Amino acid sequence: MVETARPSGMSRPRKLYVKSYGCQMNVYDSRRMADTLAPEGFAETERIEDADLVILNTCHIREKAADKVYSELGRIRQMKADTAVQGREIVVAVAGCVAQAEGAEILRRAPAVDLVVGPQSYHRLPELLDRAKRDGKAIDTDFPAEDKFNFLKNPTREAVRARGVSAFVTVQEGCDKFCTFCVVPYTRGAEVSRPVVKILAEAEHLAQAGVREITLIGQNVNAFHGKGPDGTPWTLARLLHRVAEIPGILRLRYTTSHPCDVDDSLIAVHRDLPQLMPQLHLPVQSGSNRVLAAMNRRHTRDDYLRVIDKLRTAQPAIEFTSDFIVGFPGESDDDFRQTIKLVVDVRFAGAYSFKYSPRPGTPAAEMTDQISEDIMSARLQELQALIDRQLKAFNEASVGKTFDVLFEKAGRYPGQLVGRSPYLQPVHVMATSDLIGKVVRAHITETTAFSLHGALSDTDNAAPRSSSLLATAEA
Ligand code: SAH
Ligand code: SF4
Ligand code: F3S
């Protein structure tokens, strides 16, 4: 038997613990689930031990990602048994892409789980909790006809404030590209764009509650073609221009893009819209035409390089990050050398790289010429070392420059704030807390492995600067 919460005069607020794995879409979805459960009497907690309801929002992209969920469920099973002894029942829900891909299999494999809910059914969570209470278990992995976004609740102003000055807004979900290695088209379904008015209403709500930076997200965000207020489909370019008009929005980003859908209108936004940050995550996966074709990426190495060139011409300050897969079935040494060469040619400001992981139901998993673990490890190591050098070089080249920094929160040391550069690098600066939510120029003085340190350039805003404190911050 499981219990769900309903607000009542007597009952204490139930605690909800949500853990997100995988991509930004899951982070966003987790928040929308929390917002939808808030009126049901659930308050979020960061401590799983305090939770009455645990939601694991899972990722199925690689085998390791999916495995993580089962080890976490093992720990939760123990916790659930312990609290049951104390007379407290914990409800455990599995959401996200593993839920969609494995469905009822999860209930069989992990008896601690009470509820399985796929990404398109999050609006049904309150009803599913009731069903789990009634029937012991509940599962919903439909792709319902109704649009979940019409039912998910918006965050309260307090929730928005607690989450900080930068927020995600989903504008597009799902994918029709069917890269041969990828589960996303199966777990997230067909590509669907949200209507422009809905996106604007959400962005305006966030801006009014203090959000200053919005990242428009989608599995294939630049394939956006949502219906505009005039009834015609809008491009992402047009949407970006419109979101930039919202009072309070200082910065815009969008992710993740597919190289094939970078059209001229989007390139022009990078030239014309100062609010759009000069940073783009543009996954390429491989530098070999043969591998790109086998992956069904629908573009060549030169197509990719051309897109990069056009964007650099439109916005000379732009920097790129990317994703790579090594050891895709049939990848030869020569194919891999072409990937290395592409990385050298483009000079990325960072990238994620992964060993190919065969995913059940995808065409590449059936390919015969799978690459051995040893070769994959060696290639991954070489690629990551190169990418790390490029990241380091990029951070080091930031020293001596002046960046606009959007301050997000207090730093680890008294009097210190942490913000983000246009390139998403964390920047630590001595500054007063009234600068949180503001974009202020800072001169970059030092770099550590993953972040920058600097001082406010505008002396009117500058907090007293203590070199000893900065020295501690470096330690
Ligand atoms: N929509 C994005 C990618 C989303 S998945 C795009 O089109 O590029 C995020 C990254 O995970 C991918 O870019 C890819 O590098 C990696 N990935 C996806 N499937 C994988 C698999 N089966 N094995 C290893 N890495 C994978
Ligand atoms: Fe997966 Fe390819 Fe779609 Fe990206 S474009 S989500 S890699 S199928
Ligand atoms: Fe993972 Fe699903 Fe995102 S598989 S990467 S959580 S779309």
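Apart from residues within four places of it in sequence, glutamine 279 is in contact with Arg253, Ile318, Glu319, Thr321, Pro422, Tyr423 and Leu424. The residue belongs to strand β12, which spans residues 279-281, and because its relative accessible area is 13%, under the 20% limit, glutamine 279 counts as buried. These details come from a predicted model, in which the mean pLDDT of the chain is 93 and 94% of the residues reach 70 or more.

Leucine 424 sits in the loop that joins β16 (416-420) to β17 (426-430), and with 35% relative accessibility it is partly exposed. A positive phi also occurs at asparagine 296, where the angle is near 60 degrees; asparagine 296 lies in the loop between α11 (289-294) and α12 (301-314) and is partly exposed, at a relative accessible area of 27%. Such angles deserve a second look because most residues other than glycine have a negative phi, and most peptide bonds are trans. For the peptide bond, the case to inspect is the one from threonine 255 to threonine 256, which is cis, with omega near 0 degrees; threonine 256 is in the loop between β11 (251-255) and α10 (264-272).

The ligands can be taken in turn. Ligand 1 is surrounded by 15 residues, of which Phe181, Gln219, Gln285, Asp323 and Ser357 are the closest, and this shell is made up of six nonpolar, four polar and five charged residues. A polar side-chain atom of arginine 62 is 3.0 Å from an oxygen atom of ligand 1, while an N or O atom in the side chain of arginine 297 is 3.3 Å from an oxygen atom of the ligand. At serine 357 the backbone is involved, with an N or O atom 2.8 Å from a nitrogen atom of ligand 1. On its own, ligand 1 has 540 Å² of accessible area, and the protein covers 88% of that; the elements that contribute two or more residues to the shell are β13 (319-326) and β14 (351-355).

Around ligand 2 stand Cys175, Lys177, Phe178, Cys179, Phe181, Cys182, Val184, Pro185, Asn220, His258 and Arg297, a shell of seven nonpolar, two polar and two charged residues. Ligand 3 has around it Cys23, Asn26, Thr58, Cys59, His60, Ile61, Cys97, Arg188 and Gln219, which divide by class into four nonpolar, four polar and one charged.

From leucine 37, glutamate 191 is 154 residues away in sequence and 26 Å away in space, C-alpha to C-alpha.

Two stretches call for caution. Over residues 1-10 pLDDT stays under 50, although the model has 24 contacts there beyond four places in sequence, and over residues 461-475 pLDDT likewise stays under 50, with 23 such contacts in the model. Where pLDDT is low, the predicted coordinates should not be read in detail.

Terms used
Residues are numbered from 1 along each chain as its sequence is written. Chains are lettered from A and ligands numbered from 1 in the order in which they are written. This is a predicted model: local features need pLDDT of at least 70, side-chain atom pairs count only at pLDDT 80 or more; totals for chains, interfaces and linings use all residues. Side-chain values use heavy atoms; hydrogens and water are left out. Helices (H or I, at least four residues) and strands (E, at least two) are DSSP runs, numbered from the N terminus. Buried means under 20% relative accessible area, exposed over 50%, partly exposed in between (1.4 Å probe, protein chains only). Contact means heavy atoms within 4.5 Å. A residue is near a molecule or strand if one of its heavy atoms lies within 4 Å of it. A polar contact is a pair of N or O atoms within 3.5 Å; within protein, one must be able to donate a hydrogen and the other to accept it, and residues adjacent in sequence count only if both atoms are side-chain atoms. Accessible areas come from the Shrake-Rupley method with a 1.4 Å probe; for residues, only the protein chains shown count as cover. Ala, Val, Leu, Ile, Met, Phe, Trp, Tyr, Cys and Pro count as nonpolar, Asp, Glu, Lys and Arg as charged, and the others, Gly among them, as polar. pLDDT is the predictor's confidence in each residue, from 0 to 100.
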